[in-house]
Amino acid sequence: KYTVSADSANDVYWNAVAFTVSGSLGNGTNLLTIGTDATSTTADGIYIIVAAGDDTQAVSNIKLYNTGTGTQVAGTFTYRADTNATGYTLYFVSTAEETVAKGTTKTYEVRGDFNISNAGTSGLGSISTKISDLSAAVQAGAAAATVEASSADSFTTTTTTAESFVWSDGSSVAPVHSLTSLDWTNDWKVAGVPTTTLTLK
């Protein structure tokens with residue numbers, strides 16, 4: 001879970017968030033480290049990367065929810081190796097901007113179905129995740145441009161994640177704030193980022 005708060009001055013909008021993930025998942029026979037080379041098939045939920053830079057192992061069974069309303073946030077999860085973070089990146093881009101009204105807080109939760117226990121000697125798996133502080137400087141622009149700089153459509157191991165949270169306070173340099181207005185920025189010096197690490201066991 002993570003929360004997004006807006007002060008009394010302005011609404012806050014966000015469009016993308018990157019979760020750094022690590023740990024191990026089982027495939028029914030073996031316990032496999034997330035992100036390492038492996039010759040076996042995928043595990044449920046977050047797929048094991050079979051070869052370095054393999055972006056064909058998509059994410060399934062992972063969704064983001066607004067816990068206040070119990071509704072799913074529409075968007076797309078992508079999982080890839082990342083040379084700019086410790087672990088690997090589970091990257092979410094919302095279909096439409098999420099709005100947190102001024103003076104309020106919203107809580108979001110990542111939910112997924114994972115195969116984390118296995119028969120035999122494979123033992124138990126666990127997934128650790130946090131929102132890292134990936135930005136080294138402020139970056140502003142339209143949401144799509146900022147997200148693309150963060151996620152890189154190719155999602156290969158050679159492209160690093162520059163931002164872990166893409167947001168706006170609505171102070172648009174265009175007449176009306178939107179996904180295409182130039183007031184979107186990143187997580188640089190955002191309070192609460194990086195978050196603490198949480199572990200699913």
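Tutor: We can go from the overall layout to the sheet, the core, the aromatic rings and a loop. This is a predicted model, in which local features need pLDDT of at least 70 and side-chain atom pairs count only at pLDDT 80 or more, while totals for chains, interfaces and linings use all residues. Residues are numbered from 1 along each chain as its sequence is written, and side-chain values use heavy atoms, with hydrogens and water left out.

Student: OK, how many helices and strands does the protein chain have?

Tutor: The protein chain has 1 helix and 11 strands, where helices (H or I, at least four residues) and strands (E, at least two) are DSSP runs numbered from the N terminus. Along the sequence the pattern reads β-β-β-β-β-β-β-β-β-α-β-β.

Student: And how much of the protein chain is buried?

Tutor: Buried residues account for 42% of the 201 residues; buried means under 20% relative accessible area, exposed over 50%, and partly exposed in between, with a 1.4 Å probe and protein chains only. Among contacts (heavy atoms within 4.5 Å) between residues at least 6 apart in sequence, 66% join residues at least 24 apart.

Student: Which strands form the open sheet, and in what order?

Tutor: The order is β1-β8-β4-β5, with antiparallel pairing; two strands pair if DSSP finds at least two bridges between them. Because β1 (2-5) and β5 (71-72) stand at the edges with a single partner strand each, one side of each is left without a neighbour in the sheet.

Student: What joins β1 to β8?

Tutor: There are 4 bridges between β1 and β8 (residues 105-112), and the two strands run antiparallel. Threonine 3 has threonine 107 as its bridge partner in β8, and serine 5 has threonine 105.

Student: Which residues of β1 are on its covered face, and which on the uncovered one?

Tutor: Tyr2 and Val4 make up the covered face, whereas Thr3 and Ser5 make up the uncovered one. As a general point, in a regular strand the side chains alternate between the two faces of the sheet.

Student: Switching to the inside, which residues have the most contacts in the largest nonpolar core?

Tutor: They are Tyr2, Val4, Trp14, Val17, Leu64 and Tyr108, in a core of 19 residues. A nonpolar core here is a set of buried Ala, Val, Leu, Ile, Met, Phe, Trp, Tyr and Cys residues joined through side-chain atoms within 4.5 Å. The elements giving two or more residues to this core are β1, β2 (12-26), β4 (62-66) and β7 (88-100), and β2 gives the most, with 5 residues. A second, separate core of 7 residues includes Ala18, Tyr91, Ala143 and Val166.

Student: How many aromatic pairs does the structure hold?

Tutor: It holds 6 aromatic pairs. Rings of Phe, Tyr and Trp (its six-membered ring) pair if their centres lie within 6.5 Å, and planes under 30 degrees apart count as stacked, over 60 as edge-to-face and the rest as tilted. The rings of tyrosine 2 and tyrosine 108 have centres 5.4 Å apart and planes at 25 degrees, so that pair is stacked. It links strand β1 with strand β8, since these two tyrosines are 106 residues apart.

Student: Are those two tyrosines buried or exposed?

Tutor: Tyrosine 2 is buried, with a relative accessible area of 8%, and tyrosine 108 is buried too, at 0%. Both belong to one aromatic cluster together with Trp14, Phe19, Phe92 and Phe165.

Student: Where does Phe92 lie?

Tutor: Phenylalanine 92 lies in strand β7 and is buried, with a relative accessible area of 1%. Phenylalanine 77 is 15 residues away from phenylalanine 92 in sequence and 4.5 Å away in space, C-alpha to C-alpha.

Student: Last topic, the loop between β10 and β11: what is the place of lysine 189?

Tutor: Lysine 189 is in that loop, and its phi is near 65 degrees, a positive value in a residue other than glycine. Lysine 189 is exposed, with a relative accessible area of 68%. Proline 194 is also in the loop between β10 (165-168) and β11 (198-200), and a cis peptide bond joins valine 193 to proline 194, with omega about 10 degrees.
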